[in-house]
Amino acid sequence: MADKVHVLKHPVVNARLSKLRQTATTAKEFREGIYDISIILGVEASRDLEEESFDGQTPVGPFVGSVIKPRIGITPVLRAGLGMTDALLNLFPTAPVYHLGIFREKVTLQPVEYYSKLPPTPPVDQVFLLDPLIATGGTACAAMNMILDWGIPVTKVKLLCVLASQDGLKHVQAEFPGLEIWVSAVDPNLTPNGLISPGLGDTGDRLYNTLKEAL
């Protein structure tokens, strides 16, 4: 992997991801697992954020504290990215959330943009882009282009995802070689209809219990 791609190698993450993969996992358990992994991704991805110091006072004596200096924005890709949003808001409670609506057309597998909550000019310095699955990579690339067009440079974007395919990750890297990517695991294959294999299934459907019953 290029040095801009960080794959978490952590027993807690592996255990949570294994639970997410299982068909028998309930929507509630799935949401909890996505949240837990997202917290760890957010903590790891934010380790190099610049800090600003201040003088404070504890009940015992003075201390030098710190706050995060850059203004953080959270950008989830609808609708599956919503499953990661609360975890990042836990880490950055005052961060604005800018929703991006992108869906993948079923026949061509090409991304289609349908919604953007990005304001006219960026009031933030650093964006955390949340997209739980990088399958073909098309959706993540479309979201990145929307953020770049908005005025945030690629070096100020961190893409957080729960699972990626090898081909999807390569696609995003090729399009945006300067992009920092944090992912909990990488699967080897894509199915003919563009699903990660073995993968997690449809993350949005599993998060919100809208799976279609088999006929």
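This is a predicted model: local features need pLDDT of at least 70, side-chain atom pairs count only at pLDDT 80 or more; totals for chains, interfaces and linings use all residues.

Trainee: How many helices and strands in the chain?

Mentor: Six helices and 14 strands. Those are DSSP runs numbered from the N terminus: helices are H or I with at least four residues, strands are E with at least two. The radius of gyration is 18 Å, close to the 17 Å from the globule rule for 215 residues, so the chain is as compact as a globular protein of that length. The radius is taken over C-alpha atoms, and the rule is 2.2 Å times the number of residues to the power 0.38.

Trainee: And what does the C-alpha trace span along its principal axes?

Mentor: About 65 × 35 × 30 Å.

Trainee: What share of the residues is buried?

Mentor: 45% of the 215 residues. Buried means under 20% relative accessible area, exposed over 50%, partly exposed in between, with a 1.4 Å probe and protein chains only.

Trainee: What about contacts between residues 24 or more positions apart?

Mentor: They account for 64% of the contacts in the chain with a separation of 6 or more. A contact means heavy atoms within 4.5 Å.

Trainee: Switching to the backbone. Which residues does the cis peptide bond with omega about -5° join?

Mentor: L78 and R79. R79 sits in the loop between β4 (72-78) and α3 (82-91). The bond from S197 to P198 is also cis, with omega near 5°. P198 is in the loop between β14 (196-197) and α6 (203-208).

Trainee: Why flag those?

Mentor: Most peptide bonds are trans, and most residues other than glycine have a negative phi.

Trainee: Then which non-glycine has a positive phi?

Mentor: N209, at about 55°. It lies in the segment after α6.

Trainee: Is N209 buried or exposed?

Mentor: Exposed, with a relative accessible area of 60%.

Trainee: Last one. Where is T25?

Mentor: In the loop between α1 (11-21) and α2 (27-45). T25 counts as buried, at 8% relative accessibility.

Trainee: What does T25 touch?

Mentor: K19, F30 and R206, not counting residues up to four places away in sequence.

How values were computed
Residues are numbered from 1 along each chain as its sequence is written. Side-chain values use heavy atoms; hydrogens and water are left out.
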